[in-house]
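Biologist: I am new to this structure and would like a short tour. Could we look at it together?

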Amino acid sequence: MFPSGADEEKRTMMSKRLRGAVALLACLVLGACGSATATPDRPVYTWDMTVTVGESSTWYQAAERFAETLSRESGGRMELRIFTGEQLSAGDPAAGVEQLMNGDKDFSYNSTIIYAGIDPRFGAINAPFLYRGYDEADRALDGGATAAYEKLSSEIGVKMLGFGESGFRQLTNNVRSVSKPADLSGIKVRIPGIGMFTDIFRSLGANPTTMNFSEVFTSLQQGTIEGQENPMDVISSAGLAEVQRHLTVWNYVYDPLILGMNQDLFRSLSPEDRKIVQKAAADANSFQIETNRGLEQQQIDEQSKLMTTTELTDAQVARFRAAVRPLYESYEPVWGPAMVRAVSPER
């Protein structure tokens, strides 16, 4: 369900695409595509991009860098407007991905978890305790996962312009410190709205519930929920320590971000403009990952001053891994053998 006013927005976007198509046709007819300076016979674009979180996040910082590079490399022909908090879909990231698929917006940073709500195969890389650290995750991405996700994204109308990174997801709550599966018993934890996360937390004895991230802070403040799970960048940038008492660093799910572009829009660009977009995206993703990883330990240290923090040992993580291992038998057929192989850390 699109937010109020979406029909008008859609008409506006269609008009924008028509103007872009006319300009592109003029570019091809007049043969003036060699110049890097904006001219009347070269297409000029105004594009919209969303991120799920706020302006203090590395997602937003990378989106700003993406916008700056697009403008510079295109000679000012490519303008990118950035919207935080999934503003274009009333705070609903899944609806936001559908807008991207349909061409009602142009770009987004979204977790593969959100895409998994549309096609569960996207959730393969978010399997619980799949990777022990970034080295294993990087090997999987370089060894086949990135190519697999590019293909999968194309099937739903999204041009994947590489991976950013939300990082490893951690747990916060207001009930007790969590260091073993039994500690989660009965805690009402907000999770992303896909079945695998429901099954993970139910298998650990928690009481999982789903809601849009835009509602989480208020729900924690009011006691509607008692905990949530997210990467450190999200926990920190959203100020969740104001409404949470306990932090568990357990690295239970690796969470990459797809920098997605509407596929039809990408295909409509000239080869030169495609290269500009791809170059700017690669730079933004590299910047985002480097910044995210550089800040992670700093954010853990900062949040540890605000919440009682438990960093699990390898032995403690092994107990959680054993508790959720039966879920793999249920979900590997859903992900399919190709995706299971692609995300495997055993390379």
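Biologist: Which residues is N292 in contact with, leaving aside its neighbours within four places in sequence?

Modeller: In this predicted model, N292 is in contact with T58, Y134, E165, S166, G167 and D233, once neighbours within four places in sequence are left aside. Contact means heavy atoms within 4.5 Å.

Biologist: Where is the place of N292, and is N292 buried or exposed?

Modeller: N292 belongs to helix α10, residues 271–304. Its relative accessible area is 2%, so N292 is buried. Buried means under 20% relative accessible area, exposed over 50%, and partly exposed in between, with a 1.4 Å probe and protein chains only. Helices (H or I, at least four residues) and strands (E, at least two) are DSSP runs, numbered from the N terminus.

Biologist: What are the ground rules for the model?

Modeller: Residues are numbered from 1 along each chain as its sequence is written, and side-chain values use heavy atoms, with hydrogens and water left out. Because the model is predicted, local features need pLDDT of at least 70 and side-chain atom pairs count only at pLDDT 80 or more, while totals for chains, interfaces and linings use all residues.

Biologist: What is the mean pLDDT of the protein, and where does pLDDT stay under 50?

Modeller: The mean is 90, and 88% of the residues reach 70 or more; pLDDT is the predictor's confidence in each residue, from 0 to 100. Residues 1–37 stay under 50, and the model has 51 contacts beyond four places in sequence for them.

Biologist: How many helices and strands does the secondary structure come to?

Modeller: There are 13 helices and ten strands. Of the 347 residues in the protein, 54% are buried.

Biologist: Turning to the aromatic residues, how many aromatic pairs are there?

Modeller: The count is 20 aromatic pairs. Rings of Phe, Tyr and Trp (its six-membered ring) pair if their centres lie within 6.5 Å; planes under 30 degrees apart count as stacked, over 60 as edge-to-face and the rest as tilted. F201 and W250 form an edge-to-face pair, because their ring centres are 6.3 Å apart and their planes stand at 65°. This pair links distant parts of the chain, 49 residues apart: F201 is in helix α6 (residues 195–203), and W250 is in the loop between β8 (246–249) and β9 (254–262). Both F201 and W250 are buried.

Biologist: Which residues do ring pairs link into a cluster?

Modeller: The cluster consists of F129, F197, F201, W250, Y252 and F320. Among them, F129 lies in the loop between α4 (112–116) and α5 (134–155). F129 counts as buried because its relative accessibility is 4%. Phi of F129 is near 55°, a positive value in a residue other than glycine.

Biologist: Back to α6, then. At what angle do α6 and helix α12 pack?

Modeller: The angle is about 175°, and the axes of α6 and α12 (residues 326–335) are 11 Å apart. Axes are lines fitted to C-alpha atoms, for helices over the stretch in contact, and angles run from 0 to 180 degrees between N-to-C directions. The two helices, α6 and α12, are therefore roughly antiparallel; angles under 35 degrees count as roughly parallel, over 145 as roughly antiparallel, 65 to 115 as roughly perpendicular and the rest as oblique.

Biologist: Which residues in α6 and α12 meet?

Modeller: G195, M196, D199, I200 and S203 in α6 meet L327, Y331 and W335 in α12. G195 and Y331 are 136 residues apart in sequence, with their C-alpha atoms 10.0 Å apart in space.
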